[in-house]
Amino acid sequence: VYDTIRTNRVVPLNIGYIAALLDRKFGKEVSIKLFKNPTKLESAIKSNPPDILGLSHYSWNSRLNQFFVKLAKKRNPETLTVMGGPNIRTDVSGLKDFLMQCPDLDCYILFEGEKPFAELVEKRLEGDKSYPVGCASLEDNELVYQPVQNFSKQPKEIDFPSPYLTGFLDEFLSDPELTPMLETNRGCPYGCIYCAWGVATLSKVRVRSIDTITKEIDYIAKQSAGQVQWIVCDANFGVLPRDLEITKKMRSTMDANGYPNNIWTWASKNTTQRNIEIAKILNPQGNGYIAIQS
């Protein structure tokens, strides 16, 4: 994110997931460094260009990302440059247009990025310069892209290692300017045309284990700088009955530590009574809101 203006900043949970999976899969075969601050990333690229530069791509950092892929290629033309994230049109013409407009970008990973990125790293470790399923690239100015198939048939429980419990996010938790984020499930059963969650690929709701979530809440409370706000980044918190159990754990953590003062959630659209119960637990004074959707 830009560091030139004051804005909301969060712990980079997304790239933390990728780092934790790479560490589990490859161990000492890879050396991983995560960045939030653009000045630090610029220095690192100039002093020691990486073999692979991966950037999470959003509306608020698109031009910043294009600066970094250009810088990386300038310092080392062999650096593999990769982006992933929701700020892209997912149709064939949209993908091709984006890659044509960003010639220093080697490939773009669509939707859930952990496995395709890990498979890409595995290929490079083996000396294979092809791209795995889920990665879009250009060859002779033509789009090469094979989407991930049968995404909805993945196991209901997400088996990725925790970015918190593996220690990859400690540096960011200790920064009082960064808001901790939690993910308890992925996917969204709704098909809103205006939302990146609304694509059919992500329609299945998959969960992370309650045990891991509980440990993460304890870990964040212990390792953080006492940030007064946390974020639950699920698309529909409250969509599952177990979300009440998670809410009670968060409430006990708030009471025991005196922080956070507020936990921000995006409430489920079809579980009004459960949303009310969650709001009462998190905000005993009566503050809260209910999501309504046709």
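In this predicted model, helix 2 and helix 6 (170-173) each contribute at least two residues to the lining of the second largest pocket. The space in this pocket amounts to about 250 Å³. Its lining comprises 15 residues, and those closest to the centre are Lys36, Asn37, Lys40, Asp175 and Leu178. By class, the lining splits into eight charged, six nonpolar and one polar residue.

Lys40 is exposed, as is Ser47, and both sit on the face of helix 2 turned away from its buried side.

Helix 2 spans residues 38-47, and its buried residues are Pro38, Leu41 and Ile45. Viewed down the helix axis, these residues fall within an arc of 60 degrees, so they line one face of helix 2. In an α-helix there are 3.6 residues a turn, so residues three or four places apart point the same way. The packing partners of the buried residues of helix 2 are strand 1 (52-56) and helix 3 (62-75).

Leaving out residues up to four places away in sequence, Asn283 touches Arg251 and Asn262.

The loop between helix 8 and strand 10 holds Pro260. The peptide bond from Tyr259 to Pro260 is cis, and its omega is near -5 degrees. Most peptide bonds are trans, and most residues other than glycine have a negative phi.

Phi of Asp140 is near 55 degrees, a positive value in a residue other than glycine. Asn141 is not a glycine either, yet its phi is positive at about 65 degrees. Asp140 lies in the loop between strand 4 (135-139) and strand 5 (142-144). Asn141 is placed in the loop between strand 4 and strand 5 as well. Asp140 is exposed because its relative accessible area is 73%, with exposed meaning over 50%. Asn141 has a relative accessible area of 49% and is therefore partly exposed.

Trp197 occupies the loop between strand 7 (185-186) and strand 8 (206-207). With 27% relative accessibility, Trp197 counts as partly exposed. Its contacts, neighbours within four places in sequence aside, are Arg186, Gly187, Cys188, Tyr190, Leu202 and Ala235. Trp197 and Gly94 are 103 residues apart along the chain, and their C-alpha atoms are separated by 18 Å.

Technical notes:
Residues are numbered from 1 along each chain as its sequence is written. This is a predicted model: local features need pLDDT of at least 70, side-chain atom pairs count only at pLDDT 80 or more; totals for chains, interfaces and linings use all residues. Side-chain values use heavy atoms; hydrogens and water are left out. Helices (H or I, at least four residues) and strands (E, at least two) are DSSP runs, numbered from the N terminus. Buried means under 20% relative accessible area, exposed over 50%, partly exposed in between (1.4 Å probe, protein chains only). Contact means heavy atoms within 4.5 Å. The arc is that of the directions from the helix axis to the C-beta atoms. On a 1 Å grid over the protein atoms alone, a cavity is a set of points where a 1.4 Å probe fits but cannot get out, and a pocket is an open set with protein on both sides within 12 Å along at least five of seven lines; lining residues have an atom within 4 Å of a point. Grid points are joined across faces, edges and corners, and a volume is the space filled by probe spheres set on the points. Ala, Val, Leu, Ile, Met, Phe, Trp, Tyr, Cys and Pro count as nonpolar, Asp, Glu, Lys and Arg as charged, and the others, Gly among them, as polar.
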